[in-house]
Amino acid sequence: MERFEFTEEYHLGLPDIDAQHARLFDLFNSLIEVEKRGAAREEICLVVDELVDYIDVHFKYEEWALHDCAYDNLEEHRAKHADFVRQTIDFDKAFRHHGEDLSWEILYFLRQWLVDHILVEDRQYVEAMKGARV
Ligand SMILES: [Fe+2]
């Protein structure tokens, strides 16, 4: 799996959210890197922790910002986040407690979800958020 570049198409034009998405890409790239290198489980665990923690921080921030601008689809957006968090926790448990490998299949799933979410769902709130900030 090649590195995950935070190219122009992922920019929403909201500096705080863009910076957080860029950080998510960075953390995801660290995960690709340790997986490629065949790093020890402990090291992979640390990177997974960092990514999972940051996903939580980012989603909370985004939901707060959407609430702040009275975004119509907040509940739907929140449900998408919650669903993703549940799946991430399941992978994390399987990896951490049941001795399963963090497979490329999981990494592809995580990456695809993030890409689709930013390009489709997140893009839908851009106008509402920009409107609330002027
Ligand atoms: Fe989102």
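Which residue follows H2, and is its phi positive or negative? I looked past the end of H2 and found Ala70, with a positive phi near 55°. I keep in mind that this is a predicted model.

**Entry on H2.** I counted 28 residues in H2. I took its span from first C-alpha to last as 40 Å, close to the 40 Å expected at 1.5 Å a residue. I then listed its buried residues: Ile44, Val47, Val48, Leu51, Ile55, Glu62 and Leu66. I noted that the buried residues of H2 pack against H1, H3 and H4. I recalled that an α-helix has 3.6 residues a turn, so residues three or four places apart point the same way.

**Entry on H4.** I placed H4 at residues 104–133 and found a bend of about 45° at Asp122. I saw that Asp122 is itself buried, as are Ile106, Leu110, Ile118, Tyr125 and Met129. I looked up the partners of these buried residues and found helix H1 (15–37), helix H2 (41–68) and helix H3 (74–97).

**Entry on H3 with H4.** I checked how the two helices run beside each other. I found that their axes come within 12 Å and cross at roughly 170°. The crossing angle is over 145 degrees, so I call H3 roughly antiparallel to H4. I sorted the residues of this contact into 4 nonpolar, 2 polar and 2 charged. On the H3 side I wrote down His77, Lys80, Phe84 and Phe91. On the H4 side I wrote down Ile106, Trp113, His117 and Glu121.

Definitions and conventions
Residues are numbered from 1 along each chain as its sequence is written. This is a predicted model: local features need pLDDT of at least 70, side-chain atom pairs count only at pLDDT 80 or more; totals for chains, interfaces and linings use all residues. The bend at a residue is the angle between axes fitted to the seven residues ending there and the seven starting there. Helices (H or I, at least four residues) and strands (E, at least two) are DSSP runs, numbered from the N terminus. A residue is buried if 20 or more other C-beta atoms lie within 10 Å of its own, exposed if 12 or fewer, and partly exposed in between; C-beta atoms are placed from the backbone. Two residues are in contact if their C-beta atoms, placed from the backbone, lie within 7 Å. Axes are lines fitted to C-alpha atoms, for helices over the stretch in contact, and angles run from 0 to 180 degrees between N-to-C directions. Angles under 35 degrees count as roughly parallel, over 145 as roughly antiparallel, 65 to 115 as roughly perpendicular and the rest as oblique. Ala, Val, Leu, Ile, Met, Phe, Trp, Tyr, Cys and Pro count as nonpolar, Asp, Glu, Lys and Arg as charged, and the others, Gly among them, as polar. The expected span of a helix is 1.5 Å times one less than its number of residues.
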